[in-house]
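Dear colleague,

I am passing a structure on to you. My notes on what was found in it follow below.

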Amino acid sequence: MRVTTAAVLAGVLAGSALPAQAVTQHGGRSADLRRLQDLVHEDGFPAALAAVRGRWGQTSDLTAGVGELRGRTEVPVDGMVRAGSNTKTFTAVVVLQLVGEGVVRLDAPIEDYLPGLVRGEGIDGSRITVRQLLQHTSGLPDYVSGLDDFFAIRDTHYEPTELLDLALSRKAHFAPGTRWEYSNTNYLLAGLLVEEITGRTVAEEITRRVIRKAALRHTYFPAPGERTIREAHPHGYHATAPGAPLRDLTVFDPSWAGAAGQLVSTPRDLNRFFTALMDGKLLRAEQLRQMRTTVAAPGTWPGARYGLGLFSTPLSCGGLVWGHGGDIPGYETRGGVTEGGRAVTVAVTALPSAVPEPEAAAAHVLDFVDRALCG
């Protein structure tokens with residue numbers, strides 16, 4: 001059964017959708033709830049859910065829309081979602097922990113750790129440093145651009161080396177260190193680096209060094225072949241073009257995302273993670289300083305800069321929000337933390353590219369983050 005975005009909106013506007021919820025500790029967030037509802041009513045996302053943490057640690061959990069289109073089920077409060085590229089920050093933390101332990105050097109070429117692996121037209125691993133991988137200044141082409149139909153590959157398992165071969169079959173986009181350009185291939189290699197140095201999988205290292213250390217109780221790296229989401233979650237939807245019929249893409253093999261985007265988490269857990277990171281609980285001071293040393297990130301968000309697995313973005317009320325965000329078919333997440341201790345994560349259950357007005361919808365998700373942190 002295919003359900004169009006128009007049908008979702010018709011149901012919501014006719015009053016057949018389940019009511020939005022605000023489960024709050026120590027205070028209300030009615031304005032945030034209205035903006036979350038607008039992501040469903042106006043932009044056409046099937047569901048939206050958020051966790052908003054105030055300066056003193058009080059948290060509001062918000063939901064809007066429906067958790068599953070066919071059954072019109074509730075959106076679970078703090079439900080699990082595929083966290084997409086937020087995974088990159090987790091991977092970067094592990095690499096920087098290894099830097100702090102003296103077993104990896106940020107400005108050493110990746111060739112030193114993965115000899116002979118990074119080779120291609122204009123690509124030479126002896127000229128690409130670990131820092132350039134983490135900061136997206138390597139010039140490596142993005143393997144994800146070679147994956148066109150996510151419905152067709154939903155049951156396909158990929159090994160990291162297969163994905164790397166896909167990337168290296170294309171020529172370099174620019175000389176290392178001369179530009180910034182987002183590429184999932186960088187974090188595919190960062191994951192392989194972790195495995196080479198530790199002798200354990202990147203999933204094991206992220207779990208041991210980050211998830212457990214930050215006490216993230218609802219975050220995990222899917223096991224090989226694991227296609228479902230373990231705990232209560234809204235369904236994720238995808239479309240082949242803006243405004244095309246939305247199809248359920250909750251269940252799939254996420255191995256193609258790997259160390260660049262495979263994690264599953266919740267809004268509260270992502271807030272907890274970024275708060276612990278910025279509070280210095282996961283990295284030594286020098287490695288956190290390196291992580292927060294940024295370069296301009298053109299083509300992303302106005303004023304955005306990129307560190308080592310971490311975006312900084314200006315807020316309308318002044319200051320910065322530090323986080324990452326994630327896009328994976330079925331889910332988009334945005335959010336981060338401020339220097340003052342506020343945090344927000346919002347998730348919607350389709351990519352903006354799947355709804356009728358992608359650019360406006362993407363801007364509205366970012367606007368939710370800004371207003372929640374500035375309100």
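Is H136 buried or exposed? H136 has a relative accessibility of 0% and therefore counts as buried (buried is under 20% relative accessible area, exposed is over 50% and partly exposed is in between, with a 1.4 Å probe and protein chains only).

Before the rest, some conventions. This is a predicted model, in which local features need pLDDT of at least 70 and side-chain atom pairs count only at pLDDT 80 or more, while totals for chains, interfaces and linings use all residues. Residues are numbered from 1 along each chain as its sequence is written, and side-chain values use heavy atoms, with hydrogens and water left out. Helices (H or I, at least four residues) and strands (E, at least two) are DSSP runs, numbered from the N terminus.

Loop residues

H136 sits in the loop between α4 (130-135) and α5 (160-168). Its phi is positive, near 60°, in a residue other than glycine. R72 is not a glycine either, and has a positive phi of about 55°. R72 belongs to the loop between β3 (59-65) and β4 (81-82). With 24% relative accessibility, R72 counts as partly exposed.

Helices α3 and α7

Helix α3 (residues 86-100) and helix α7 (residues 202-211) have axes that come within 10 Å and cross at roughly 80° (axes are lines fitted to C-alpha atoms, for helices over the stretch in contact, and angles run from 0 to 180 degrees between N-to-C directions). α3 is therefore roughly perpendicular to α7 (65 to 115 degrees; under 35 is roughly parallel, over 145 roughly antiparallel and the rest oblique). On the α3 side, F90, T91, V93, V94, Q97 and L98 meet E205, I206, R209, V210 and I211 of α7 (contact means heavy atoms within 4.5 Å).

α3 has 15 residues and reaches 22 Å from its first C-alpha to its last, close to the 21 Å expected at 1.5 Å a residue (the expected span is 1.5 Å times one less than the number of residues). Of the 15 residues of α3, 15 are buried, so the helix is largely enclosed by the rest of the structure. Just after α3, G102 takes a positive phi of about 80°.

Residue S265

S265 is in strand β9 (residues 264-265), and it counts as buried at 1% relative accessibility. The side chains of S265 and T219 are joined by a polar contact of 2.7 Å (a pair of N or O atoms within 3.5 Å; within protein, one must be able to donate a hydrogen and the other to accept it, and residues adjacent in sequence count only if both atoms are side-chain atoms). Leaving out residues up to four places away in sequence, S265 touches G79, M80, V81, A83, H218, T219 and L270.

Regards
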